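Open your viewer and get ready to select residues. The tour goes from stop to stop.

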Amino acid sequence: MDKIFEKPESIRDKETHYCPGCGHGIVHRVICEVVDDLGIREKLIGIAPVGCAVIAYDYWDFDVTEAAHGRVPAVATGIKRSLPDRIVFGYQGDGDLGAIGTAEIIHAANRGENITIIFVNNTVYGMTGGQMAPTTLIKQKTATTPSGREQKTHGFPLKVCELLSVLPGVAYAERVSVHNPQNVLKAKKAIKKAFENQIKGLGFSIVEVLSPCPTYLGLSSKDAVKWVGEELVKEYPLGVFR
Amino acid sequence: MPKIKIDPEKCKGCGLCVLYCQKGCIKQSKLLNKKGAYPVEIIEKDGCTGCSFCAIICPDLCITVYK
């Protein structure tokens, strides 16, 4: 009897600190599956964000460093420019990339840096207690918008893929989701393409992953994935933007 | 015959595998594990088709699939 599905080699056999039903665990694993498939583990450098995934380096079994809040694309730029033979990828959340790190992501994309960014969008600040993020939906309740996000006071949800897709430096921008197994497989394909683009030297690639955060959505794991599949994809349509 | 193996101590009991198992082979246990979660367990051994949906959606790498 053959094993047809097991733990990828480049993920450590360690329990994560993520809440039950959190999408981060799935995205971590998918990245490791791609790394194993492409055989790039020995020359890979990952950059962990500030946010729930801040200790991602405890789970990935390859070189990972840590950047200040939102500065992942800047650190990735530095590493890639000084070590151009390495594969460099950044892992960021919506508070990290969409709020404090907006300048870094836009300019790294606009410069067409040959890096890969995996952007996990779960519409809230998970680590700090479920506050409103730039990607929070209108009417969505969070710790800082107890009666729901209002456009008049808080603005519109930030669509990062659409925003970056108009920049000439961007080689690839796709939005995927991990709310069901079929979409996890599509997410894997997208992440693989983003890494392949870097290997080919095509330029900046970003994959936005819609991910459930059951704890701060105030839903059960099952309802959270349903919410991602039904509500979140309406505001953030899946697909290739560039 | 395809089969799955679940690590009950790693499982956080999110139940996503139960939601996506096409054949209803998995259910949430009534007994707590050391973590204080209700892990999932296999109820229908013969029903498994080896589709791996449970393992693909598992955020905590608790499931290994054999075929």
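**Stop 1: the largest cavity**

Start with the largest cavity, whose volume is about 110 Å³. A cavity is a set of points, on a 1 Å grid over the protein atoms alone, where a 1.4 Å probe fits but cannot get out. Its volume is the space filled by probe spheres set on the points, which are joined across faces, edges and corners.

This is a predicted model: local features need pLDDT of at least 70, side-chain atom pairs count only at pLDDT 80 or more, and totals for chains, interfaces and linings use all residues. Residues are numbered from 1 along each chain as its sequence is written, chains are lettered from A and ligands numbered from 1 in the order written, and side-chain values use heavy atoms, without hydrogens and water.

Now select A:Lys14, A:Thr16, B:Pro59, B:Asp60 and B:Leu61. Among the 14 lining residues (an atom within 4 Å of a point), these lie nearest the centre of the largest cavity.

**Stop 2: the second largest cavity**

Select B:Cys11, B:Cys14, B:Cys17, B:Cys58 and B:Cys62. They lie nearest the centre of the second largest cavity, which 14 residues line. About 90 Å³ of space lies inside the second largest cavity.

**Stop 3: between the chains**

Show both chains. In contact (heavy atoms within 4.5 Å) are 31 residues of chain A and 28 of chain B.

Which side chains meet in a salt bridge? Select B:Lys10 and A:Asp13: they do, at 3.1 Å, N to O. A salt bridge puts a side-chain nitrogen of Lys or Arg within 4 Å of a carboxyl oxygen of Asp or Glu. Across this interface the rule finds two salt bridges.

Terms used:
1 Å grid on protein atoms, 1.4 Å probe; cavity = no way out; pocket = protein on both sides within 12 Å on 5 of 7 lines; lining within 4 Å.
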